[in-house]
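This briefing looks at a few local features of one protein chain. Please keep the structure in view while reading the points below.

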Amino acid sequence: MARTRFSLATCNLYNLNLPGLPMYRDASGWTHAEYEAKLDWMAQALVHVNADVWGFQELWHAQALAEVFERAGLGGDYELLAPAGHAGGKIVCAGAVRKGMRAGEPEWIERFPPKFVLRDSGSDEQSPQVSVNIKGFSRPVLHFRVRPTPDVEAVHVFVAHLKSKQEAPVHTERWYRADKTFYARHAKGLGAALSTIRRTAEAAALRMLLTDLTRGSDAPVVLMGDLNDGQRSNTQDIITGGPNYLLSGLSRGGGDTVLYATELLQNYRSLRDVYYSYIHENQHESLDHILVSQEFYDNSRKRVWAFEGLEVFNDHLNFAEHKHNGTPDHGIVKATFTHLPA
């Protein structure tokens with residue numbers, strides 16, 4: 001069936017796992033009551049948001065995601081994308097696609113591109129050398145394709161969950177234990193630096209994947225997920241490639257390899273920026289994003305899909321009892337597009 005519009009949404013599931021299974025250092029996991037509350041809340045959210053394509057983060061068990069869709073009455077409406085046999089051992093990115101839209105098979109990308117290098121001998125005599133030895137993503141990146149309408153090129157969708165801002169637990173490291181008295185007072189700063197370095201490397205590896213896919217092609221691309229940094233962060237600049245937002249004149253702009261933030265596209269149509277998808281220690285942050293290629297940018301000469309609007313579902317973040325209420329600790333972000341070629 002031909003569609004004139006389609007929508008995508010990203011949601012961090014806040015460790016969706018079957019009850020009683022361990023998660024991280026929590027050996028007992030969710031209770032049955034907590035799990036039922038999660039199913040109820042997420043089922044209502046699926047119906048309310050009503051997106052055609054979903055990107056999920058923090059899925060521990062494929063069965064739990066299937067139970068959410070069944071409880072929402074949507075089990076027959078979507079194809080769920082989770083690794084085969086994914087049964088609670090680790091968290092992954094997952095997806096759901098309205099039936100009839102998927103094109104090809106999904107893949108989970110664990111390793112960085114083979115030629116990925118982060119090494120610098122120093123741009124001058126005052127700059128010490130840098131060498132970062134990271135070879136893979138903390139959470140595998142999901143990549144799949146959808147075709148919203150039969151007569152257009154399939155859209156590449158990436159779902160990512162980058163390393164969080166939480167400090168790396170350096171207290172278990174050999175170098176820390178060798179001089180605990182000294183390093184204990186520096187653990188917070190060093191741990192935060194390690195997390196930032198890992199997230200930055202993941203952003204650079206994603207940029208390589210995106211550049212190789214988009215350079216010299218008209219492949220429509222969407223990247224969405226919990227990127228664990230704000231719109232104006234360095235990692236976000238790396239991922240997007242720093243696009244130039246042309247604010248006047250339709251069908252005149254666009255960039256071959258860059259991605260445009262739907263957050264900014266919405267801001268340009270609004271009188272005020274009230275976008276936030278996460279609250280930590282009373283700080284409202286935008287960590288969850290939907291980024292799109294020039295085929296989705298209104299002012300692009302290669303526009304295929306026009307931006308219709310962005311919605312952020314975040315009222316539940318005002319209540320901290322996520323385990324009791326069954327709510328995730330991130331907001332849900334949804335972007336809608338209309339088929340309107342330049």
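The model is predicted.

- Helix 1 covers residues 32–49, which makes 18 residues.
- The buried residues of helix 1 are Glu34, Tyr35, Ala37, Lys38, Leu39, Met42, Ala43, Ala45, Leu46 and Val49.
- Among the strands that these buried residues pack against are strand 1 (5–16) and strand 2 (53–61).
- Strand 15 (305–313) and strand 16 (332–339) also pack against the buried residues of helix 1.
- The helices packed against them include helix 2 (62–71) and helix 8 (322–325).

**Helix 1 against helix 2**

- Two packed helices are described by the angle between their axes and by the distance between those axes.
- For helix 1 and helix 2, the angle is about 55 degrees and the axes are 8 Å apart.
- Helix 1 is therefore oblique to helix 2.
- The crossing of helix 1 with helix 2 is right-handed.
- On the side of helix 1, the contact is made by Tyr35, Glu36, Leu39, Asp40, Met42, Ala43 and Leu46.
- On the side of helix 2, Ala64, Glu67, Val68, Phe69 and Arg71 take part.
- The residues of this contact divide into 8 nonpolar and 4 charged, with no polar ones.

**Helix 5**

- Helix 5 runs over residues 187–214 and has 28 residues.
- From its first C-alpha to its last, helix 5 reaches 40 Å, close to the 40 Å expected at 1.5 Å a residue.
- Helix 5 is followed by Gly216, which has a positive phi, near 75 degrees.

**Positive phi within strands**

- Most residues other than glycine have a negative phi.
- Asn15 is not a glycine, yet its phi is positive, about 55 degrees.
- Asn15 lies in strand 1, and with a relative accessible area of 11% it is buried, because the cut-off for buried is under 20%.
- Glu58, also a residue other than glycine, has a positive phi near 60 degrees.
- Glu58 is in strand 2, and Glu58 is buried, with a relative accessible area of 11%.

Key
Residues numbered from 1 in each chain as written. Predicted model: local features only at pLDDT ≥ 70, side-chain atom pairs only at ≥ 80, totals over all residues. Heavy atoms only, no water. Helix = DSSP H or I, 4+ residues; strand = E, 2+ residues; numbered from the N terminus. Expected span 1.5 Å × (residues − 1). Buried < 20%, exposed > 50% of the residue type's maximum accessible area, 1.4 Å probe, protein only. Contact = heavy atoms within 4.5 Å. Axes fitted to C-alpha atoms, helices over the stretch in contact; angles between N-to-C directions. Parallel < 35°, antiparallel > 145°, perpendicular 65-115°, else oblique. Left-handed = near helix turned anticlockwise from the far one by under 90°. Nonpolar A, V, L, I, M, F, W, Y, C, P; charged D, E, K, R; others polar.
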